[in-house]
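Me: Please take a close look at one part of this model. I want the helix packing there, and then what surrounds it.

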Amino acid sequence: IRSRPATAMDPSDQKHFGVADYVIFALLLAASLCIGLFYALSGGRQRTTQEFLLADRSMRCLPISLSLIASFQSAVAIIGVPAEISAHGTQYWFLGCAYILGLLIPAHVFIPLLYRLRLSSVYQYLELRFSKVVRICGTLTFIFQMVIYMAVCVYTPALALNAVTGFELWGTVLVTGLVCTLYTAMGGLKAVIWTDVFQTVVMFAGQLAVIVVGVHQTGGVSEVWTKVWEGNRISGLDLNPDPTERHTFWTLGVGGIFLMLSLYGVNQAQVQRYLSARTEREAVRSCYMVFPSLQLALALGCVTGLVMFARYCGEDHSGKLSGVAGDTMVIYFVMDMLQGLPGLPGLFVACLFSGALSTISSAFNSLATVTMEDLIKPHFPSMTEARATTVSKVLALSYGLLCLAMAYLTHLMGDSVLLVALKILGMVGGPNLGLFCLGMFFPWANSTVSRSRSVLLRAVPSGLRRFYSLSYMWYSGFTCFTVIVVGLVISAITGPMKKENVAPGTIYPVLEKLTALLPERLRKKCCCETLQGRTVGRQFSQNQQKTSHDASYFDLLKRGWVIKNCAQLFSEGLRLFMKISFYMVL
């Protein structure tokens, strides 16, 4: 960690807002507050935890999908992706390849299993499968991850805007944090989802406006293409297998899969939206609908970076941009392009802060959920519904204030905000992904993993210190497999879990095909046959009335070769990566 370089921009080069810009920015904040107020006064008026935390499980796939993209497409991505492309070229664009399996696997593995268990917190699964200690560890890890990440998200746009326009830094942080905290605490998950829908539209509109105006002022599409080609910013397919290379097809297209799985498969902020869906089918569809939105968001960010490079290549800006980091340069480019066009600078700033609001509101709501469901309710089982709802609102408010405090520490980070955010998500989200994979795909993994949690948490950082040169895009995959390998070894040493001790419905039956050639004695020892048959079926039958209109679990597995092959591909990928990890260690 190091201090950010001081910005030394000439005041004469700072860009300023006009009246129309202030109006548009104020409308964004006002509209978000109004949505929160509307859901605070309508429907059940957020009087129950089911309504406040899970939107009464009544949401449809379209708003859920837009909320999912808004939660991921934060201000960090809006600023960070163009800065990355402008500085290093289009290799980062191959992250889009990871979106395929990174969304297909959650849609057909994680969502059906978690939705049918009727959970409120995704970490309830860890108690069902392992023990209460593992559940608490998973919850605390998630809280640690999100508190740091949302601080980065709220601080980043405020810092960039302050550096280029002279906006009051901490005043902007305070206004953003308070507005988001208020509408989240008032309107619950419904307000969060519908403000995300509104903010997603604003984000896409703001980015598109910058691209159209930027291309026009740079001389047209052909001129932009000529400059980025001559500037070597169009990257080819880099198949270098070296995992220490920062960005290659393998680090982005394969390593990125594990990052996506940790976000869209087991992250409470995303899973909570799946659980708010009316039906399981709606939840699965929402995951599918995220794919084109994520591809569009990635494309807009990459094109913005190319236009920014084309605008300034060959020109000397060392005087006016002295000390300005790449992240701040994006804001300078936008204000430079849109200056003199009333309302458009305000539209992009609204786009930027929409990303911040959507991300931190999702974080507040999910943090309130896991704190209530995992840390408070188990100790106060007799708490009334009214009291639980009040406590949930207070928790959302408290996390908002904590975010503002943590934002102050963010200015000590010196890396690109995109790298900081992805490192946080990878290093902390990877171990949680490993725990869920260990529970879902390995029936013999036992609850002794709870007593070895401290060993796992120590093993991960030490492994990262040893392989400090590993690309940050492998962090999630590396930490995930470290947890899986250590968990399986401990389970083998202490004795595999017996089939009668495994909670119904907590095992995904992917091992049925993989163990088909094993002797029946070994299949029974691995708990494969029973857990994939009667045990899982019994749990699903308990929820049959709630999901009667959905396809059965086994029908879902037999729905076509795509699903079957993806499950097999994922399993083979696990085995291949484990071998690679062992070779690296040796």
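Reply: Start with helix 8, residues 169-218, and helix 14, residues 344-376. Their axes come within 4 Å of each other and cross at roughly 140°. The crossing of helix 8 past helix 14 is left-handed. The residues of this contact are 19 nonpolar, 15 polar and one charged. Bear in mind that the model is predicted.

Helix 14 also packs against helix 11, residues 268-275. Here the axes are 9 Å apart, at an angle of about 80°. The two helices are therefore roughly perpendicular, since angles of 65 to 115 degrees count as such. Helix 11 contributes Gln 268, Ala 269, Gln 272 and Arg 273 to the contact. From helix 14 come Ser 362, Asn 365, Ser 366, Thr 369 and Val 370. By type, the residues of this contact are two nonpolar, six polar and one charged.

Now the core. The largest nonpolar core holds 155 residues. Helix 8 supplies the largest share of this core, 16 residues. The residues with the most contacts inside the core are Tyr 92, Phe 110, Leu 114, Tyr 125, Tyr 264 and Met 440. Take Phe 110. A separate core has eight residues, including Phe 52, Leu 53, Ile 376 and Leu 395.

Next, the loops. Arg 118 sits between helix 5, residues 95-116, and helix 6, residues 124-129. Arg 118 counts as partly exposed because its relative accessibility is 26%, between the 20% and 50% limits. In sequence, Arg 118 is 157 residues from Leu 275, yet their C-alpha atoms are 7.6 Å apart.

The loop between helix 2, residues 49-54, and helix 3, residues 61-72, contains Ala 55. Asp 56 lies in this loop between helix 2 and helix 3 as well. Most residues other than glycine have a negative phi. Ala 55 has a positive phi, near 55°. Asp 56 has a positive phi too, near 60°. Asp 56 has 38%, so Asp 56 is partly exposed.

Terms used. Residues are numbered from 1 along each chain as its sequence is written. This is a predicted model: local features need pLDDT of at least 70, side-chain atom pairs count only at pLDDT 80 or more; totals for chains, interfaces and linings use all residues. Side-chain values use heavy atoms; hydrogens and water are left out. Axes are lines fitted to C-alpha atoms, for helices over the stretch in contact, and angles run from 0 to 180 degrees between N-to-C directions. A crossing is left-handed if the near helix is turned anticlockwise from the far one by less than a right angle, and right-handed if clockwise. Ala, Val, Leu, Ile, Met, Phe, Trp, Tyr, Cys and Pro count as nonpolar, Asp, Glu, Lys and Arg as charged, and the others, Gly among them, as polar. Angles under 35 degrees count as roughly parallel, over 145 as roughly antiparallel, 65 to 115 as roughly perpendicular and the rest as oblique. Contact means heavy atoms within 4.5 Å. A nonpolar core is a set of buried Ala, Val, Leu, Ile, Met, Phe, Trp, Tyr and Cys residues joined through side-chain atoms within 4.5 Å. Buried means under 20% relative accessible area, exposed over 50%, partly exposed in between (1.4 Å probe, protein chains only).
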